[in-house]
Amino acid sequence: MGELVERVDEQDRVIGVVDRAEAIEKKWLHRIATTVCRDPDGRILVHRRPENDSRFPGQYNWLVGGAAEVGESYEEAAARELAEELGVFAAPRFLFKFLCRGEISPYWLGVHEVVVTGALVPDPAEIAWHGWFDEGELLEAAGWGTFVSDGAEALRRHLAARTPGVSAVPPTDGAAASG
């Protein structure tokens with residue numbers, strides 16, 4: 001067996017343990033934990049995935065994370081993924097979760113946030129490039145045709161939750177400048 005995850009239902013209740021590849025193949029719900037990394041000036045980390053990655057190769061994202069392991073909370077998974085992917089050891093703050101229909105497979109997505117004050121040590125197997133973007137630059141990047149679509153959906157939800165009634169959402173048609 002490969003990576004084991006908890007299969008969950010539409011209410012995010014555990015109904016079994018399965019191989020992640022099988023969950024993706026059979027479109028079973030499971031849990032993904034991600035983190036928005038900010039620097040002390042409020043800028044947001046954007047990164048590009050390696051070209052040889054099995055999921056979203058060469059695409060940009062503003063979220064760092066991955067699947068929650070069996071018995072792991074969203075917060076624990078987010079902290080583990082931060083350490084693995086960026087060398088950041090911190091306790092991310094939970095923001096929200098939602099049922100993401102996903103480009104590859106559906107899953108529950110837990111979104112967290114952390115302020116990074118130290119140096120990043122990106123794992124080159126996970127992150128090919130990274131940079132700090134202000135909110136305007138992030139919104140522009142989210143419109144690139146090379147931005148992870150699930151990340152763009154999470155960004156729309158994040159902005160809507162933060163500023164109810166404001167429609168500052170990134171374009172979804174890839175019409176913005178390409179990067």
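**Exercise 1.** What share of the contacts with a separation of 6 or more in the protein chain comes from residues 24 or more positions apart?

*Solution.* The model is predicted. Take the contacts in the protein chain with a separation of 6 or more. Pick out those between residues 24 or more positions apart. They account for 61%.

**Exercise 2.** Describe the make-up of the protein chain, then its burial and surface.

*Solution.* 
- Step 1: count the elements. The protein chain has four helices and nine strands.
- Step 2: read along the sequence. The pattern is β-β-α-β-β-β-β-α-β-β-β-α-α.
- Step 3: turn to burial. The protein chain has 179 residues, and 47% of them count as buried.
- Step 4: The accessible surface is about 8,500 Å². Carbon and sulfur atoms hold 52% of that surface.

**Exercise 3.** Work out how helices H3 and H4 are placed against each other, and which residues make the contact.

*Solution.* 
- Step 1: locate the helices. H3 covers residues 135-142, and H4 covers residues 149-162.
- Step 2: read the geometry. The two pack at an angle of about 140 degrees. Their axes lie 10 Å apart.
- Step 3: The crossing of H3 and H4 is left-handed.
- Step 4: list the contact residues. H3 brings Glu-135, Leu-138, Leu-139 and Ala-142. H4 brings Ala-152, Leu-155, Leu-159 and Arg-162.
- Step 5: sort these residues. Six are nonpolar, two are charged and none is polar.

Notes
Residues numbered from 1 in each chain as written. Predicted model: local features only at pLDDT ≥ 70, side-chain atom pairs only at ≥ 80, totals over all residues. Heavy atoms only, no water. Axes fitted to C-alpha atoms, helices over the stretch in contact; angles between N-to-C directions. Left-handed = near helix turned anticlockwise from the far one by under 90°. Contact = heavy atoms within 4.5 Å. Nonpolar A, V, L, I, M, F, W, Y, C, P; charged D, E, K, R; others polar. Buried < 20%, exposed > 50% of the residue type's maximum accessible area, 1.4 Å probe, protein only. Areas by Shrake-Rupley, 256 points an atom, 1.4 Å probe, with all protein chains shown as cover.
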